[in-house]
Amino acid sequence: MSAPPRFLSPFVRTRTRLTLTLGLVLAALTASLLPWWHADDPSTPAARKATEARRAATEPRDASAAAAEAGRTGKQVVVDTETTATVMTWADPDGTLRTRMHALPQRVKNAEGAWVRIDNRLRREDGVVRPAAPAVPLEFSAGTAGARASRAQARPQLATVTETVLAKTVLHGHHVVYTWPGELPAPVLDGPRALYSEVLPGVDLLLVAREEGGFAQLLVVKDREAARNPALTTMTYGLKSSTATFRYDEKAGRVQVLDDTGEEVGSVPTPFVWDSSGVDPELPPDEEPATSTGTPGEVLGLSGLSGAEPGARQAPAPMGLEGDGTSAARIEVAVGETGLLGDPDAVFPVFVDPSLNPGWQAWTVAYKPYPNTSFWNGTNFSSGTSDARVGHENDTGGTARSFWRMNYSSSLKGAKIESARFKVLNNHSWSCTKREFQLWQTGAISSGTTWNKQPSWSTEVARQSFAHGWSSSGCPDDYEDFNVKTAAQKGADSGWSNITFGMRATSEGDTQTWRKFRATSAVLEVSYNRAPTTPTAVSSAPGGTCNTSTAGATVGKGNVVLSAKATDPDGNLKGLRFRFWKAGDATPAGTLVTSLSGGKATRTIASSSLVDKGLYYWDVRAEDGSLTSAYYPTSGNRCRLTVDGSAPPPPTVESDDFPEATDDGMTWSEKPFGKTGAVTFRSEGAAKFQYAVDGNDWTDRAATDGAATVTALKPPHAGPNMLNVYAFDAVGNKSKVTDYAFYVPPQKAADGPGDTNGDDLPDLIVVDASGKLINCAGSVEGELNACLDAAYSTRGTLKTAEHWYDPATKKSALITHYGDAYPGDGVTDLFAVSPDGAFWLYPGDGYGSFDVDRRLKVLLPANAPAPSTWTQIKAVGDITGDGLPDLVLRAGPAFWTLSGYTGGAFRSATVMNSDAWARRDIVNVADINGDKTPDLLWRNLDNGNVYVRHGKPGSAAGSVDLDSLKLASGSLNGDVAYGTAWTEAAISTALGIPDVNKDGVPDIWARAGADGTMRIYHPSRTNTNAPVKTVLTQDWRTVKALG
């Protein structure tokens, strides 16, 4: 076997050699002595700046978010929250997770908290030398001013010289300082390497920032003259820490770094010494090893920097520890006792090292020629890229086995392993001749692992024959891939936090088995799926929380809603399966509910499927499509419900303040709109009542002895109100509804716009399918509720049934209302064109209805079109600023405005357009853009486009210049698009009304062409917006007129 290779070459295997090197690897120790580490340091000036990941604008993705994105995009997505220095996890589109685990760190967080690849290129900064992005914080000395040794400066006692801090690093939160017994020159930097020339006469010191973290140190003794320096007989290096202690392990010949609990956080394995007589098996036959040490460049190219090759003279160097068990110790390396410095056959340079390694999940080599020596994390076997050794070589009779302790997550306990592969790069073989190797699952390794203290070889995992890395053409470097699914599943079943694999040659006496592997390339890639959690928050409504310690709840014979919540650690929860069955029946397969909200699912059990006095069981589990949780409850009684279907009788309603309406319509409350009154509910056996007016805003009221009183019921509007009441018994059985109608008189204030009963809310007047005039009281937000007859005859001289619709001609009245037109009593009046073509005004009575016997014929200016030709009328209040009501209308293709109604007549008739309005509809004339000037809102009945024509101010405040509404060209800014899809087929009636949601923009009642339902729109200043809700569910397609 080649002598122990060192972490002293750059990222390629060197083809040159050193004469003498003393090497110390100080790896991954955490320094708490001084605030010397700056995580935001830039990269080395000698190289490009290390790439830094840009911080994401959003929160890191967890497993659930990554799984959702993978399912949506069909691509693998990184689970940000599970990324560590050695682990990356992806959510795959098939719902599984895939984790890649390395034995050694692959990335590190930068100052912004983003993961970046490890970058050990060195640069000077703030008087020290630092890597750009090391695995752990690390810095080297930038040199001592003026320091440089000469041949005349050989010192027999280096310990008398002032110590210099050579390096500082960090290990598991413990700061460690490593010192050199003398001064240091400024180093030459080469990637991850720092060369300190002539630290002793003829001796160079090389430091290398390691991929694993920390650093390797090597002394290069260039020739025999330098080797005779007494200072080399015993080399000493200082170790200091304020929180860690150092202890010598005599059995393994190592120094341990321990925390305050005695846990090992780092170690210094046995130092090694080797010469340059070995032959690099990869060196071409016609190429001589590089051994010149004349310049720093030549030293950095020495072959021996890669470690002892086959045939090299080598020996472990005895090590001692002064200050054993303290936090300030001194390592003593007895180089002279190896005999190599004075060996007449030794080929110079000669190399010496001890090393200090981090406590990563790591790797090691067991080397038979040195059965009690530790090669933890590649100590004595590295070339800067950490080569592991397996097999046998005849040059030195070396036999090696390698072990990798792979990080594994105990969070995988219970996971189903879909696949697991262990891969490692084979970067050197003795030849291209394949040989068989065995991969085993072994016991744990540590810095004390040696050939004589190997872990147990417990389970053979795989055998494979291969040879890579001898020839770039015949057998180039390549990964060897092992199927380790069985081992990974065992680890998941047992909840292991790591898995150790060992590799050995099947025939360990065959020199063709000699292999090197890049240790840092070792990766364990596992695809897995974890079962979702057992559901929580398991409850029913009614019934409450599933209580497994009781006999369950008794519920009424109504719908039962089962609910539960679950999570999936992989974020791929598919649904919750509910099973519900009657006692004595077979347990069903259940229903999988995949509609989830925050992991919560519900299943409704219809009341029709329940049997009175029946006992029912139910449970629930979570599923992800492959794995399932246990059913909840997992023990104790099942979730149980007993059905009691005896409902209380419909409640009676009593009220002196709001007496029930009578058929003649003459019974009204004495409480005007805006006042409150008392109402009492009664139902035998009732535990509570639930009530609402017009079906809105349901409220519960507890019952006492089957009765409850609402002391301050406030009707939402004047006119007809409908009080709806249910009674419930103690288990939730619901009675049939009681509908209690009552009439509320208007308040004394004048009617508001569109209001007919004094509640300042617009009402809707219609001619129904039978030809009756009815008034549907409007409520808040544009709701429409109970309707009452709106026309009556006090003298009986007119037939109200035929007044609004003529069955013979099938003509209906045109109707519209806005405010008080006559006689100035503050009560809204109704304009109408009767079926026979006459134009009338019907004074309101303040209660939302009209006495047809009091109607007044409206006189028109001579130029006005005949009412019999009108197709639409719309009362719009005063838009011209004269204080008198105005009205707009369509007559055939023409659009007109009638202005200034007073004394039974309109003062003027203005033709707005004579030929464009046959298939247009006037929706409203009101201020829409908020400039206090009325605008024209209209729609094209054929293409469904809605436009707003913004008016220009008239002569009076709040008025409009009628000329600006005649044509788009004369308006403020033309016909502005305001909505689409408002065809006559889709919306048979669009009725603009005053603002009911108090946002300052007029609203719209619309009748749907498909089903005749009425909807409320709350437009913005620029768009009709979508309908807010349906306010009447009856089919009004046969209603004759709305206005």
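Which backbone oxygen lies 2.6 Å from a polar atom of the side chain of Gln872? In this predicted model, local features need pLDDT of at least 70 and side-chain atom pairs count only at pLDDT 80 or more, while totals for chains, interfaces and linings use all residues. Residues are numbered from 1 along each chain as its sequence is written, and side-chain values use heavy atoms, with hydrogens and water left out.

The backbone oxygen is that of Ile922. The side chain of Gln872 also makes a polar contact of 3.1 Å with the side chain of Asp921; a polar contact is a pair of N or O atoms within 3.5 Å, where within protein one must be able to donate a hydrogen and the other to accept it, and residues adjacent in sequence count only if both atoms are side-chain atoms. Gln872 belongs to strand β62 (residues 870-877), strands being DSSP runs (E, at least two residues) numbered from the N terminus. Gln872 is buried, at 12% relative accessible area (buried means under 20%, exposed over 50%, with a 1.4 Å probe and protein chains only). Beyond four places in sequence, its contacts (heavy atoms within 4.5 Å) include Leu814, Val888 and Arg890. The C-alpha atoms of Gln872 and Arg890 are 5.1 Å apart, across 18 residues of chain.

Most residues other than glycine have a negative phi, and most peptide bonds are trans. Ala537, in strand β35 (residues 536-541), has a positive phi near 50° and is exposed, with 56% relative accessible area. The peptide bond from Phe348 to Pro349 is cis, with omega near 0°, and Pro349 sits in the loop between β23 (328-333) and β24 (350-353).

Terms used: Helices (H or I, at least four residues) and strands (E, at least two) are DSSP runs, numbered from the N terminus.
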